[in-house]
Amino acid sequence: MATVTTTGGPHGDNGSDTIEIRAVQQTELAAWARALSSGFMEAKGGGSLDYVTAQFEPGRALGAAHRGRFVGTYRSVDREITLPGGKALLANAVTNVTVSATHRRRGLLTAMMTRDLAAAAGRGQAIAVLIAAEYRIYGRYGFGPATGRRSYSIDALRAGNVRVPAEAEGGSIELLTMEEWGKLGPEVFELFRRNQPGAIDRRTTDWGTRTGELQYSGKEWKEPLVALYRDPAGRPAGYLTYTVKDPWTNLITQATVRVGEHIAADRAASAALWRYALSIDWIDRLEIPSIPADDPLPLLLDDPRACVDGGNSAADFMWLRVLDAPAAFSARSYAAPGRVVLQVSDKLGHVDGRFAIEASADGTGRCTAVGDDHPADVSMDASVLGTLCLSSEPAARLHAAGLLTEETPGGVSRLGTLFATDFRPWCQQSF
Ligand SMILES: CC(C)(COP(=O)(O)OP(=O)(O)OC[C@H]1O[C@@H](n2cnc3c(N)ncnc32)[C@H](O)[C@@H]1OP(=O)(O)O)[C@@H](O)C(=O)NCCC(=O)NCCS
């Protein structure tokens, strides 16, 4: 079997039986794009070369090269993630992970992942994130599920009115062109994502692909309708993008609105946009593919039973890996003053050790590495630390599931008190 080595750059592969893990050069992107497409089981000869080229950052795209072909792909980018309390951390966001079916289970993913995580830690990045295609792949590298989501399907005729806070009365809704959305959307999105733990930032190219300004071969774009909500002072505070299916069978209107994005700076904007969506004429169903798992939307309706599971209710979405515990846990906020000591085991070594978190009454906290003379309250694997970072699960639930161990009586309760949040984190987009 071929041996796996990791190197700095192309070595003019001459057909040797070594699989080389290395940074991809810009001139090799066509071959890398092809490997990426076939890795995701798309029989697209050329791959999306224009897309891959636009996303290219030297040193951040890795490939596994064997006998003159790429048989593995991997890329990381920098993205900001909002933490509980509203501070954002620059994360190493991992994407485009594939290993050819011809080379699976030979350690290629492990080689690319360990190399990239070490590089991210070397750059001083405190966390890494990814969207996991399958649940059982990434825990071994210290990633834990860090945001939840669900889907809803609402019977618009049964739902009745939407309860909207008084502060949204006097606000207004207008439909935007793509050009207007491209200008106003980023401003609204910034307000939203700074208030939403788990949200990631959006770059100029991300906006271009949404508004249709940037279109790549092989990636279909359909213009959505965009409704902008302005608060009573006239400030843009939310938007809803959607497409409509209206089959008109037997001349009966039976349209379904499918939500693309529902982005709101606050609860008032959020409710005002849901009220708009459910008031559109002809509509008898509203489909929402991704919404925070504990979003109050059903309770805003006169009849919450009109809001049922949308059939796409995956429990997890973004996964998170802590690379620097003191940096990550000093940046987030806490629900109560107190102290808790975590013992973490990490096969990759990045956060292997003991960490004390001391929270103040103002919600700020400080995390420091401590020695064995500080008794641990709870112990866990690095992947569970990833789940705790944004408070995706309550400590008691993780404990009940056997994912963390209580080392000192009352330790789980202390952890739960400090890490309590009103709502679960939500990541609304892939990267
Ligand atoms: C997922 C994928 C990248 C794994 O690559 P790989 O090179 O086969 O992985 P490795 O050989 O490095 O495997 C490392 C470990 O992960 C395990 N593993 C890998 N993929 C797994 C999966 N899909 N389910 C469960 N375990 C998996 C291996 O069994 C191995 O376990 P071990 O460390 O206990 O021996 C590859 O199967 C693939 O490309 N799948 C299709 C596309 C995809 O899902 N990409 C991920 C997008 S987020």
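This is a predicted model: local features need pLDDT of at least 70, side-chain atom pairs count only at pLDDT 80 or more; totals for chains, interfaces and linings use all residues.
1. Domain layout. The domain assignment divides the chain into domain 1 (2-125), domain 2 (149-314) and domain 3 (324-419). Taken over C-alpha atoms, the centres of domain 2 and domain 3 are 36 Å apart.

2. Ligand shell. The ligand is surrounded by 21 residues, and the closest are Val97, Val99, Arg105, Gly107 and Thr110. By class, the shell comprises 11 nonpolar, four polar and six charged residues.

3. On the side-chain part, glutamate 134 places a polar atom 3.0 Å from a nitrogen atom of the ligand.

4. Burial and contributing elements. The ligand taken alone exposes 900 Å², of which the protein buries 74%. The elements giving two or more residues to the shell are β5 (88-99) and α3 (108-122).

5. Seven strands form an open sheet with mixed pairing, in the order β9-β10-β11-β12-β13-β8-β14. Its edge strands, β9 (172-176) and β14 (307-309), each pair on one side only. From one strand to the next, the twist averages 30 degrees.

6. A strand pair in detail. How many bridges join strand β11 to strand β12? Eight bridges connect β11 (residues 236-245) and β12 (residues 255-264), and the two strands run antiparallel. Within this pair, leucine 240 has histidine 262 of β12 as its bridge partner.

Key
Residues are numbered from 1 along each chain as its sequence is written. Side-chain values use heavy atoms; hydrogens and water are left out. Domain bounds come from an automatic or database domain assignment. A residue is near a molecule or strand if one of its heavy atoms lies within 4 Å of it. A polar contact is a pair of N or O atoms within 3.5 Å; within protein, one must be able to donate a hydrogen and the other to accept it, and residues adjacent in sequence count only if both atoms are side-chain atoms. Accessible areas come from the Shrake-Rupley method with a 1.4 Å probe; for residues, only the protein chains shown count as cover. Helices (H or I, at least four residues) and strands (E, at least two) are DSSP runs, numbered from the N terminus. Ala, Val, Leu, Ile, Met, Phe, Trp, Tyr, Cys and Pro count as nonpolar, Asp, Glu, Lys and Arg as charged, and the others, Gly among them, as polar. Two strands pair if DSSP finds at least two bridges between them. Axes are lines fitted to C-alpha atoms, for helices over the stretch in contact, and angles run from 0 to 180 degrees between N-to-C directions.
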